[in-house]
Amino acid sequence: MIVGTYILDSLLDTERCGEALGAGLRPGDIVALNGHLGAGKTTFARSLARGFGITRRVTSPTFITVKSYVGERGTFIHCDLYRVDGPQYLRDQGVLDEVEAGAVMVIEWAEKANLFDRADPLVLSFESTSKDGERLVRCEASGRWSWVTPVFERLQRL
Ligand SMILES: Nc1ncnc2c1ncn2[C@@H]1O[C@H](COP(=O)(O)OP(=O)(O)OP(=O)(O)O)[C@@H](O)[C@H]1O
Ligand SMILES: [Mg+2]
């Protein structure tokens, strides 16, 4: 198990962090994002996509719920469960099957689905602080994700 909380000082920090993690994603990976409205989930998802090599701009999926992007390193699925019944939606859309077939996926409002039944996600929870532009991100995952710890720690030292 890996657990840690890191400070993201600014929007740029969040973007750097997303890009660095996106570069390390492998087929079948799921990144689960939690946090209040405006916490930074979409911002982070967009940066993950960029780091993964998606060159098209990733839009906020809030109104469409799921969108796929294809890049050189594979399919990147961006999903937002804010408006839907999470578990049922994921079942109906078959997105977990796509992930099992090798896509990577980032999910906003992931706490609305019981991902752990079928997957081994990197869970990131975002939170604002009293400082303008600052966010805390709590990271929780199985040992399979241990490569992300040095990525967070390196950024923390910048
Ligand atoms: N350090 C930071 N990290 C991320 N976003 C930041 C940061 N500082 C300021 N922001 C701003 O906070 C907002 C985050 O919005 P974003 O859409 O990413 O949140 P969200 O968690 O996806 O919200 P929602 O639940 O409504 O989808 C953006 O306007 C962004 O510019
Ligand atoms: Mg969002």
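Strand β4, residues 74-80, is mostly covered, with five of its seven residues buried; a residue is buried if 20 or more other C-beta atoms, placed from the backbone, lie within 10 Å of its own, exposed if 12 or fewer, and partly exposed in between. Strands are DSSP runs of E with at least two residues, helices are runs of H or I with at least four, and both are numbered from the N terminus. The model is predicted: local features need pLDDT of at least 70, side-chain atom pairs count only at pLDDT 80 or more, and totals for chains, interfaces and linings use all residues. Residues are numbered from 1 along each chain as its sequence is written, while chains are lettered from A and ligands numbered from 1 in the order in which they are written.

On one side, β4 pairs with β3 in the antiparallel sense over six bridges; two strands pair if DSSP finds at least two bridges between them. The two strands form a hairpin with two residues between them, and K67 stands opposite H78 in β4. H78 also has a bridge partner in β5, namely V106, and five bridges join β4 to β5 in a parallel arrangement.

These strands belong to an open sheet of seven with mixed pairing, in the order β1-β7-β6-β2-β5-β4-β3. Its edge strands, each pairing on one side only, are β1 (2-8) and β3 (66-71). From one strand to the next the twist averages 15 degrees, where axes are lines fitted to C-alpha atoms, for helices over the stretch in contact, and angles run from 0 to 180 degrees between N-to-C directions.

Why does G71 count as partly exposed? The reason is that G71 has 15 C-beta neighbours inside 10 Å. Leaving aside neighbours within four places in sequence, G71 is in contact (C-beta atoms, placed from the backbone, within 7 Å) with F52, G53, I54, T55 and F76. Its C-alpha atom is separated by 9.2 Å from that of A49, 22 residues apart along the chain.

Elsewhere in the sheet, β2 (residues 30-35) and β6 (residues 122-128) pair in the parallel sense over five bridges, and V123 in β6 is the bridge partner of A32. With β7 (residues 135-141), β6 pairs in the antiparallel sense over six bridges, among whose residues F126 has V137 as its bridge partner in β7. The hairpin of β6 and β7 has six residues between the strands, and G133 takes a positive phi near 80 degrees there.

W109 lies in the loop between β5 (104-108) and β6. Phi of W109 is near 55 degrees, a positive value in a residue other than glycine. W109 counts as buried because 20 other C-beta atoms lie within 10 Å.

The largest nonpolar core has 40 residues, of which A32, L33, M105, I107 and A110 touch the most other members; such a core is a set of buried Ala, Val, Leu, Ile, Met, Phe, Trp, Tyr and Cys residues joined through C-beta atoms within 7 Å. Its largest share, five residues, comes from α2. Outside four places in sequence, the contacts of L33 include K41, F44, A45, I107 and F126.

Ligand 1 has 17 residues around it, and T14, G40, K41, T42 and T43 come nearest; a residue is near a molecule or strand if its C-beta atom, placed from the backbone, lies within 6 Å of it. The elements giving two or more residues to this shell are α1 (11-23) and α2 (41-52).

How values were computed
Two residues are in contact if their C-beta atoms, placed from the backbone, lie within 7 Å.
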